[in-house]
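Hi there,

Here is the structure I promised to pass on to you. Have a look at it first, and my notes follow below.

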Amino acid sequence: MLVFTRRRHEAIMIGDGIRIEVLRVGRDGVRLGVVAPTEIAVHRKEIYDQIREANQKAAAAPQDLDAIARRQQRRA
Amino acid sequence: MTRVGIPVASEMVAPIEAPAALAPETIRFPHGLPGFERCRGFVLMASEGLGPVQCLKAVDGPSASFLVIDPRRVLPEYRCELSEMDRARLGVQDQDTLLWLSLVSIELDGTITVNLRAPIVINPGAMVGQQVIPYHCVYPIRFVVSETV
């Protein structure tokens, strides 16, 4: 892992299109600003990890289709 | 874009095949989905037997299929604002033209939940989609549905 020491308003560049700037340093956290090309999605990692885990759980097994179909039949 | 023709009821346990001939119906997901980054193309399939639930099946990359539903079918007042970046990635200015789908999970105990936090949004005009994670979104990842589906 590359490690940098940055002060307020200093930034790092990733490639030539992604800039991450330190906006504020507080006691409880660091506020960062990210400038990235449109095609690069930027997320808080913990949210992204939750969505990935939810997606993996949601990947349907064939019996899931059957369960939904049976449920629809009951409701018909 | 919706293809009808999944075998219903008891036949439904057979895996759903998406023949290569249906390629024009493929929706491009340039980034895949989180956890399924190599799945770049999906087809959306409907069946009377599934009611409002549809099946989103990957046609390239690892085998993957998902049950999906319009989030407004489970929560009529559902509304998420897309960021300017998300709209640009989908190639739209007006988000009302988009198709919204939420992933449905059937948990081990049979509980059915819907991911309202990170909807899949598709631009039917461009046949391009992505799973968005809106910055300001009050809805849960695991919204339990009872008899609303």
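How many residue pairs are in polar contact between chain A and chain B? The count is seven, taking pairs in which both residues are at pLDDT 80 or more. Please keep in mind that this is a predicted model.

The two chains first. On the chain A side, 31 residues are in contact with 37 residues of chain B. The area buried between the two chains is about 3,000 Å², and carbon and sulfur atoms give 62% of that area. Two elements of chain A give two or more residues each to the side that touches chain B, namely α1 (45–58) and α2 (62–75). Of these, α2(A) gives the most, with eleven residues. By type, the residues on this side of chain A divide into 16 nonpolar, seven polar and eight charged.

Now to chain B on its own. Chain B has two helices and ten strands, and along the sequence they follow the pattern β-β-β-β-β-α-α-β-β-β-β-β. Buried residues make up 50% of the 149 residues in chain B. If you take the contacts in chain B between residues at least 6 apart in sequence, 51% of them join residues at least 24 apart.

The element I would like to show you is strand β5 of chain B, residues 65–69. Why is β5(B) described as largely enclosed by the rest of the structure? Five of its five residues are buried, so the description follows from that count. In a regular strand the side chains alternate between the two faces of the sheet. Here S65(B), L67(B) and I69(B) point one way from β5(B), while F66(B) and V68(B) point the other way, and all are buried.

What does β5(B) pair with? One partner is strand β4 of chain B (residues 54–58), which runs antiparallel to β5(B) and is joined to it by four bridges. The hairpin of β4(B) and β5(B) has six residues between the strands, and G61(B) takes a positive phi near 70 degrees there. Another partner is strand β6 of chain B (residues 99–106), also antiparallel, with three bridges joining β5(B) to it.

Best wishes

Technical notes
Residues numbered from 1 in each chain as written. Chains lettered and ligands numbered in written order. Heavy atoms only, no water. Contact = heavy atoms within 4.5 Å. Buried area = accessible area lost by both parts, 1.4 Å probe. Polar contact = N/O pair within 3.5 Å; in protein donor to acceptor, adjacent residues only side chain to side chain. Nonpolar A, V, L, I, M, F, W, Y, C, P; charged D, E, K, R; others polar. Buried < 20%, exposed > 50% of the residue type's maximum accessible area, 1.4 Å probe, protein only. Pairing = 2+ DSSP bridges.
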